[in-house]
Amino acid sequence: MKHLAAYLLLGIGGNTSPSADDIKSVLSAVGIDADDDRLEKLISELKGKDIQELISEGSTKLASVPSGGGGGGGAAAPAAAAGGGAAAAEEKPAEKEPEKEDESDEDMGFGLFD
C-alpha cells in the first residue's frame, strides 16, 4: 500500500510514469524502506496504464458491490407495516413484557446494588 501511495503522489506531482527509483526516493524521504519485490510487481502491473482510468474503473466496480449492514433491520420494518392492525396489536404486549421482568426482579428479594 505504501508503494501505491508513493506512486499516486508522484502522479499527482506530474510524473505520469514513475520509476522504481522515483518511488524509493519518496519512501526514503519519510523513512520507509521499499520492498523491491512488491515495488517491481506494482511497476509491472501499472506500466502503460493511465492511473485515472484505473481509478474510474475501480470506482465503478465498487459501486456495484453491495455494502452490508442494517439490511436485516430494514426488512423488518416493511413487514410490520404490511401487517397493519395485527402489527399494532403485537407491539402492545411487547411494551408490557419489560414491566413483568422488573417485577420478577423485585420478587427475588435483592437488588443489583445491595
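Me: What pattern does the chain follow, read along the sequence?
Reply: The pattern is α-α-α-α-α-α. That is six helices and zero strands, taken as DSSP runs numbered from the N terminus (helices H or I, at least four residues; strands E, at least two).

Me: And the source?
Reply: This is a predicted model, where local features need pLDDT of at least 70, side-chain atom pairs count only at pLDDT 80 or more, and totals for chains, interfaces and linings use all residues. Residues are numbered from 1 along each chain as its sequence is written, and side-chain values use heavy atoms, with hydrogens and water left out.

Me: How many of the 114 residues count as buried?
Reply: 12% of the 114 residues. Buried means under 20% relative accessible area, exposed over 50%, and partly exposed in between, with a 1.4 Å probe and protein chains only.

Me: At what angle do helix 2 and helix 3 cross?
Reply: Roughly 130 degrees, and the axes of helix 2 (residues 20-29) and helix 3 (residues 36-46) come within 10 Å. Axes are lines fitted to C-alpha atoms over the stretch in contact, and angles run from 0 to 180 degrees between N-to-C directions.

Me: What does that make helix 2 and helix 3 to each other?
Reply: Oblique. Under 35 degrees counts as roughly parallel, over 145 as roughly antiparallel, 65 to 115 as roughly perpendicular, and the rest as oblique.

Me: Which residues meet there?
Reply: From helix 2, Ala-20, Ile-23 and Lys-24; from helix 3, Asp-36, Leu-39, Glu-40, Leu-42 and Ile-43. Contact means heavy atoms within 4.5 Å. By class, five are nonpolar, none polar and three charged (Ala, Val, Leu, Ile, Met, Phe, Trp, Tyr, Cys and Pro count as nonpolar, Asp, Glu, Lys and Arg as charged, the others, Gly among them, as polar).

Me: Switching to salt bridges. How many are there?
Reply: Two, with a side-chain nitrogen of Lys or Arg within 4 Å of a carboxyl oxygen of Asp or Glu as the rule.

Me: Which residue pairs with Asp-36?
Reply: Lys-24, with the closest N and O atoms 2.9 Å apart. The pair links distant parts of the chain, Asp-36 in helix 3 and Lys-24 in helix 2, 12 residues apart.

Me: How accessible is Asp-36?
Reply: Partly exposed, at 41% relative accessibility. Lys-24 is also partly exposed, at 32%.

Me: And which residue meets Arg-38 in a salt bridge?
Reply: Asp-35, at 3.7 Å from N to O. Arg-38 counts as exposed at 58% relative accessibility, while Asp-35 is partly exposed at 32%.
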